[in-house]
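Hi,

Here is the structure I promised to pass on.

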Amino acid sequence: MLIVFFYQLSACNSNVDIKKAQYTVNGQKLYVQHCQNCHGSKGEGLGKLYPPLTDDNYFKENRALLSGIVKNGMRGEIIVNGEKYNQEMPANKQLTVVDIAYILTYITTNFGKSDVIYSTEEVIENLKNHNQL
């Protein structure tokens, strides 16, 4: 009986890992196409113009806002890794909810320290809560 429990537990983890891998691979492709030009291939940013995507604290504190930032862009000053940035980020209105979930999963798990995917449900909820859907 214990063996069956561990098998089921590992099977569930495998499905989560497969989904995370799927989100990350698809997110990387979209990141290269839509984000890399300004934020760099390693999320390092571009000098004082565009912030790096490596500040895990920023990701955690603003998790609910990130979907809207990717979809609708951003204006105004932000502080990332202790540095101020005030360059406008353009909107990406053509990105779907799934695209945003993929991109945010790639950024936060590859450049940040998160091991949690952004689900499409979370992206929808975050966009609704901030009237950005």
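Predicted model: local features only at pLDDT ≥ 70, side-chain atom pairs only at ≥ 80, totals over all residues.

**Aromatic pairs**

How many aromatic pairs does the structure hold? There are four. Take Tyr-23 and Tyr-102 to begin with: their rings sit edge-to-face, 4.9 Å centre to centre with 85° between the planes. Tyr-23 belongs to helix H1 (residues 2-34) and Tyr-102 to helix H5 (residues 97-110), so this pair ties together parts that are 79 residues apart in sequence. Both partners are on the inside by the numbers: Tyr-23 has 6% relative accessibility and counts as buried, and Tyr-102 counts as buried at 12%.

Next come Tyr-31 and Tyr-106. Their ring centres are 5.5 Å apart and the planes meet at 50°, so the pair is tilted. Again it's H1 and H5: Tyr-31 lies in helix H1 and Tyr-106 in helix H5, so the pair ties together parts that are 75 residues apart in sequence. Tyr-31 and Tyr-106 are buried as well.

**A charge over a ring**

Which residue lies over the face of Tyr-118? That would be Arg-63, at 3.8 Å from the ring centre.

**His-39**

His-39 is in helix H2, which covers residues 36-39. Is His-39 buried or exposed? With 10% relative accessibility it falls under the 20% cut-off, so His-39 counts as buried. The His-39 side chain reaches the backbone oxygen of Pro-51 at 2.8 Å. Leaving aside residues up to four places away in sequence, His-39 touches Tyr-31, Glu-44, Gly-45, Tyr-50, Pro-51, Leu-53 and Met-89.

**Lys-60**

Now for a residue on the outside. Lys-60 lies in helix H3 (residues 56-61) and is exposed, because its relative accessible area is 60%. Where does Gly-112 come in? Lys-60 and Gly-112 are 52 residues apart in sequence, yet their C-alpha atoms are 9.6 Å apart in space.

That's what I have for you.

Cheers

Key
Residues numbered from 1 in each chain as written. Heavy atoms only, no water. Helix = DSSP H or I, 4+ residues; strand = E, 2+ residues; numbered from the N terminus. Buried < 20%, exposed > 50% of the residue type's maximum accessible area, 1.4 Å probe, protein only. Polar contact = N/O pair within 3.5 Å; in protein donor to acceptor, adjacent residues only side chain to side chain. Contact = heavy atoms within 4.5 Å. Phe/Tyr/Trp six-rings, centres within 6.5 Å; stacked < 30°, edge-to-face > 60°. Lys NZ or Arg CZ within 6 Å of the ring centre and 35° of its normal.
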